Amino acid sequence: SGPLKDMDFSVQEGGGPRILHQFTLEPPAVRFRISGEKAGIIDIEPKTGILYINGSLDWETKQVHKLQVETLDERGNIVKGPCAVTIYVEDINDNPPEFDQTRYFGVVRQNSRPGKPFMYVHATDRDDPTTPHAQLSYSILHHFPNPYAEMLFQIDSATGAISPSRTGSYYLDPQKQDTFTLVVSVKDMAGMTTNAFTSSVDVIILVRQSLWTAPPTIHIRENSTQAHPVNISKVQSNEPDAIYGIFEKEKLPRLPFSISENGDIYVTEPLDREEKDTYTFFVVSKDNKGELVDKPLQIHVIVEDINDNPPVCQQNLTVIEVQENEMGGSNIGTVLATDMDKENTLNSRLQFKIQSQKPEYPTKNLFYIQQDTGNLHLAGRSLSKRDSAKYFLKVLVSDPAFQTICDVEVHVIDINDQIPIFEKSDYKSVTVAENIPIGTVILEIQATDGDEPATGSSLIVYQVEEGDPNNMFIIETDSETNRGFVKINKALDFETTPVYNLVINATNPEPLVPNVQYNSSSLTMFKVFVTNVDEPPVFLEPVYKTEVSENVSVNTLVMTVEAYDPEGDSVRASKIVLKEVQGKYAQYFAHGKIPLLQKSYLLVEGGYNVAQKSKAFLTLHLRDVNDNPPQLAMDYPAFFCYPVSGGERTLIQATDADEHLFYPKFTFSLADEMNTKNNWAISKFNATHAYLSPKHSNFEEKEYNVPIILKDSGAPPLENKVNLKVSICKCSSENSCF
């Protein structure tokens with residue numbers, strides 16, 4: 001309560017009658033009066049000044065009530081006021097959200113981009129929009145049908161935008177399911193509380209075929225005379241504002257295609273099939289941020305052929321040889337031509353025709369040509385070189401639009417009706433040494449042939465027909481003179497074959513005509529006598545190998561080898577001893593000493609008969625013997641910094657010169673003398689190293705001798721006592737003695 005003044009009140013809507021305030025009278029005032037937006041339920045008790053609400057306020061009806069209160073005296077005159085009293089109605093969540101349609105319908109395209117909205121649902125709430133009471137949240141309650149584990153559609157909880165999910169973008173197919181029903185729910189209180197109001201609505205979605213599909217293969221006739229660019233196809237994205245582009249699949253100097261902003265595809269210039277008969281490129285659609293909105297489409301273009309290329313002769317001049325005795329009707333050759341137009345089409349179909357023949361003797365129709373193959377035949381009779389040695393033909397080659405002339409020369413060649421005849425039927429004999437070099441000419445032979453020179457009918461080929469089963473001889477022919485040269489083809493051996501009785505034939509590369517055969521005139525003979533050459537002995541093996549221990553004694557028998565003489569003579573000195581060594585270690589063998597650094601030696605020893613000597617090689621591998629005691633191998637002096645505090649240690653290493661199969665192994669111990677074990681300790685680090693450490697700190701600044709016993713792991717093991725000098729010295733900052 002209190003005196004009358006301007007006041008504001010906040011009152012929740014609903015809630016029924018209530019007292020807001022009590023104003024007190026100030027003399028000479030005797031009563032109160034109220035006016036303004038009372039809504040029929042707001043009033044003040046005149047005598048007591050109680051301001052009250054006799055009912056329930058409704059925020060959705062009126063959010064603010066403005067009133068004027070004043071006090072009056074006995075005469076009804078205003079004593080105070082009017083004072084402004086304002087009542088603000090506070091909203092409560094008393095209205096459920098409502099969709100603006102009782103049912104929604106939408107259309108989505110197959111392969112639409114996930115997350116791209118294709119429709120919206122919208123709901124309103126009459127509660128105060130500045131409070132959570134009217135903050136709405138959308139969700140999908142049900143999905144009919146729902147064939148997959150994940151929903152095919154999704155909804156933006158704030159905007160109500162419905163779009164395909166990733167699963168939906170991949171699986172939506174009108175051939176499989178063209179209609180879906182979604183039950184969409186909307187909640188107020190931003191959907192955050194369990195007592196929020198909820199409404200729902202059915203959304204019917206129709207699935208349609210994707211607009212974004214590749215056109216069928218595009219066919220374009222080459223060398224078009226239309227004005228370019230020419231529209232050849234069109235694509236359309238599922239999204240209306242898509243931006244179209246082209247990129248190449250092939251690396252071409254230029255791509256003769258373009259695409260407009262509405263998806264029309266153009267060829268920008270005439271195409272030439274002979275230059276390129278197919279093109280493949282991709283069309284893409286992007287949003288205004290440059291992101292792909294659809295998968296790229298592959299466009300395939302085939303350039304269709306027109307007849308724009310004449311036939312071409314494969315040779316400037318086609319030369320065909322025909323033997324005199326070739327029968328009428330024989331195929332004597334083929335006139336070859338090509339056409340760059342498309343294969344297996346009428347544009348490249350070629351037909352042949354003889355346009356002229358020179359000379360026209362003895363008749364002008366000596367030849368005919370098959371129209372579709374170009375095969376050239378003799379018309380009806382054999383040719384005679386006496387009539388003409390050459391014929392000149394002009395062959396007309398045609399396709400449906402063009403013609404070309406191909407030149408043909410037919411050479412009439414002599415038939416092989418003469419056999420080669422040797423000038424001698426017997427070349428007697430030839431004597432050669434068995435060591436004659438391969439390739440040496442031992443005899444020249446000559447035959448003649450009466451056929452036309454420089455043809456296959458007159459060229460002579462010589463071969464050994466009898467007496468040379470192992471091809472020890474070969475015969476080469478001088479093609480200009482037909483002279484034959486008999487040569488050594490393989491090494492001769494007197495002991496194997498001392499005499500060869502050779503029969504040689506002479507033939508032509510071209511076959512003889514029927515009823516003509518080679519006879520004895522095409523044969524000759526001669527003998528080859530092989531003389532013996534005294535040859536050196538031969539060891540059974542070219543290289544011998546053995547091994548001995550490195551401490552082998554002088555004159556020890558290493559091994560026994562065998563040698564023989566090809567002529568059957570006796571061979572001496574087949575036992576091998578350490579006689580001669582190649583290399584810088586030969587001196588050691590002279591005194592029976594084997595150096596440690598070498599593992600094998602090459603020895604030379606002779607086997608000989610009376611007149612000849614030969615050599616063989618012996619590789620001698622030395623086996624290691626454990627004959628080297630272990631030694632200390634220190635890369636740096638052993639020292640400890642003075643004064644010794646105890647706990648220091650230094651690493652020492654052992655080695656020896658013997659061979660170790662895997663890795664050396666040593667044991668380290670201290671000799672039992674001069675109080676060594678009282679002053680020092682030794683401990684193993686690994687197979688080749690150990691730690692030496694002082695056992696106390698009472699060492700003087702001087703040098704000490706530490707006797708150490710080293711033992712290797714050989715068989716038998718060797719032991720060695722060594723003195724290790726250890727300095728106790730003042731150290732610099734770098735931990736070295738000074």
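What relative accessibility does Cys641 have, and as what does that value count?

Analyst: Cys641 has a relative accessibility of 24% and counts as partly exposed; here, buried stands for under 20% relative accessible area, exposed for over 50%, and partly exposed for what lies in between, with a 1.4 Å probe and protein chains only. The model is a predicted one, in which local features need pLDDT of at least 70 and side-chain atom pairs count only at pLDDT 80 or more, whereas totals for chains, interfaces and linings use all residues. Residues are numbered from 1 along each chain as its sequence is written, and side-chain values use heavy atoms, with hydrogens and water left out. The protein chain has a mean pLDDT of 88, with 93% of its residues at 70 or more, pLDDT being the predictor's confidence in each residue on a scale from 0 to 100. Over residues 574-610, however, pLDDT stays under 50, and the model has 95 contacts there beyond four places in sequence, a contact being heavy atoms within 4.5 Å.

Cys641 is joined by a disulfide to Cys731, at an S to S distance of 1.9 Å, where a disulfide is taken as a pair of cysteine sulfur atoms within 2.5 Å. The link is left-handed, with -105 degrees about the S-S bond of Cys641 and Cys731. Because Cys641 belongs to strand E50 (residues 638-641) and Cys731 to the segment after strand E56 (719-729), the pair ties together parts that are 90 residues apart in sequence; strands (E, at least two residues) and helices (H or I, at least four) are DSSP runs numbered from the N terminus.

The count of disulfides comes to two, and one of them joins Cys313 to Cys406, again with 1.9 Å from S to S. The torsion about the S-S bond of Cys313 and Cys406 is about -100 degrees, so this disulfide is left-handed. Cys313 lies in strand E25 (residues 312-313) and Cys406 in strand E33 (residues 403-413), so this pair ties together parts 93 residues apart in sequence. Both Cys313 and Cys406 are buried. Cys83 is buried as well, with a relative accessible area of 10%.

As for the charged side chains, there are 18 salt bridges, each defined by a side-chain nitrogen of Lys or Arg within 4 Å of a carboxyl oxygen of Asp or Glu. Arg113 pairs with Glu239, their closest N and O atoms being 3.0 Å apart. Arg113 is partly exposed at 22% relative accessibility, while Glu239 is buried at 11%. These two residues also belong to a network of salt bridges that links Arg113, Lys116, Glu239 and Asp287.

A further salt bridge, at 3.2 Å from N to O, brings together the side chains of Arg349 and Asp372. Arg349 is partly exposed at 41% relative accessibility, and Asp372 is likewise partly exposed at 43%.
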